[in-house]
Amino acid sequence: MATNSATTATPKTAIELGKKGGARMVDVKFVDTFGTWQHFSVPVSELTEEVFEDGFGFDGSSIRGWKSIEASDMLAMPDPATAFIDPFCAVPTLSLTCTIAETGTKEAYTRDPRGIAQRGEKYLESTGLADAAVFGPEAEFFIFDDVRFDHKSNGTFYSVDGEEAIWNTGRDEMPNLGNKIRHKEGYFPVAPIDTQQDIRTEMCLVMEELGIQIERQHHEVATAGQAEIDFRFDTLVKTADNMMVYKYVIKNVAKKHGKTATFMPKPLFGDNGSGMHTHQSLWKKGKPLFAGKEYAGLSQMALHYIGGILKHAKALAAICNPTTNSYKRLVPGYEAPVNLAYSARNRSAAIRIPTFSESPKAKRIEYRPPDPAANPYLCYTALLMAGLDGVLNKMDPGEPMDKNLYELPPEEHAKIPQMPGSLSESLGYLEKDHAFLLKGDVFTKDFLEMWISHKRKEHDALRLRPHPYEFFLYYDV
């Protein structure tokens, strides 16, 4: 299950990896607009060194938000650094992640998220400010034992269940041993209360075999199987690539055990949702640029980067919190990072400066609002573009807030900007505030218009449907 090193990978090494793994098929993977891995497979005999230059042709008209049918031919350009033997295929299969290009010209497709992330890295280099943007996400998720949902014109419902869920204390389990996790008490009891230690460990070991360096795993705050696995930071595109592998491994290991994993931000009412706290910093020639003598040991560049993110945070939400469900997490309480302020150690602020280490290499900022429903390529690139806008324009982030922002008096709390309260609201901010994303042609107006249009349809689809709780509130009016 070995993977290629990004620094040494070539078409030849990718082909050799397939041979060593006994691969008989090649799985060609790419990410669609909204963050789902898509794939098709070809016999290993089709994998030549030339195909890394020529690409694999496919029909892009059926991919959400991509080509119309009269101009549907596209090329998937494999990246040899992403090669690994897929651990979930019965027949040995070499996996390759691709960037998407136009046929004929082989120009990068402007709506391809991986291509957008690559242009973000090139734009960073063009500024001369830094040559690497480093990202480290902390993605949370739920592992359930059962999920059911349906929607019809005359009714709708959802139901999730897990063996450790608090609502199952009275269930006849023959016998019920009572080791259930109360709401908000899942951080971090040992077994037998934590029932998922072994499955999380298996997820970690599979990822490590695929070249992802794991830093820790643990149960998270919520009942019913909330979890977190953290992997080591890397450059922007590589981290986004790793996040796609991360989701793939977690979902397939869960399925292997007869369970289901979800990165939906808020599947449970009355308990914590799942976030993707995103650590980030800039580097140049191997030197960290966020360490300095300013507040919390930050550099002036880091403070300006914070200023850029805080200025654009409401527009960023449309990309970093891209679902209607995202805003059921972004409410006061539940450790939700709705307060647009920054602070050292303080988890009630949207931006936290970790203080676990005084090493300059560890100096970074942590942006807490994003959730794991976000397309990682788009999320990390948008954050980079906002931060760079702050650095280039020397944006003042204001004074830090070293208080518990959840417990401020109303008059103080009213002075702190808040995250948008809905997907529709965040899209409105993105419509007004997106010039920073267009620099260097990283994002395009065409892409953003498509994104906003599609996401408004999602918002309207939910808005138009009666909700079961409305029957509880209003049926007897």
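Predicted model: local features only at pLDDT ≥ 70, side-chain atom pairs only at ≥ 80, totals over all residues.
Me: OK. Which residues of β7 point one way, and which the other?
Reply: One way: Ala132, Val134, Gly136, Glu138, Glu140, Phe142 and Phe144. The other way: Ala133, Phe135, Pro137, Ala139, Phe141 and Ile143. All are buried.

Me: How many bridges join β7 to β14?
Reply: Eight, and the two strands run antiparallel. Pro137 has Thr278 in β14 as its bridge partner.

Me: And how many to β13?
Reply: Three, also antiparallel. There, Phe142 is partnered by Thr262.

Me: What about β12?
Reply: β12 covers residues 234-235 and is joined to β7 by two antiparallel bridges. Val134 pairs with Thr235.

Me: Switching to β11. In what sense does it pair with β7?
Reply: Antiparallel, over three bridges. Glu140 stands opposite Glu228, and Phe141 has Ala227 as its bridge partner.

Me: What stands opposite Ala227 in β10?
Reply: His219. β10 spans residues 214-219 and pairs with β11 in the antiparallel sense, over five bridges.

Me: How many residues sit between the strands in that hairpin of β10 and β11?
Reply: Six. Ala224 in this hairpin takes a positive phi near 70°.

Me: Last one. Which β11 residues lie on each side?
Reply: Gln226, Glu228 and Asp230 on one, Ala227, Ile229 and Phe231 on the other. Both faces are covered, and six of six residues in β11 are buried.

Notes:
Residues numbered from 1 in each chain as written. Heavy atoms only, no water. Buried < 20%, exposed > 50% of the residue type's maximum accessible area, 1.4 Å probe, protein only. Helix = DSSP H or I, 4+ residues; strand = E, 2+ residues; numbered from the N terminus. Pairing = 2+ DSSP bridges.
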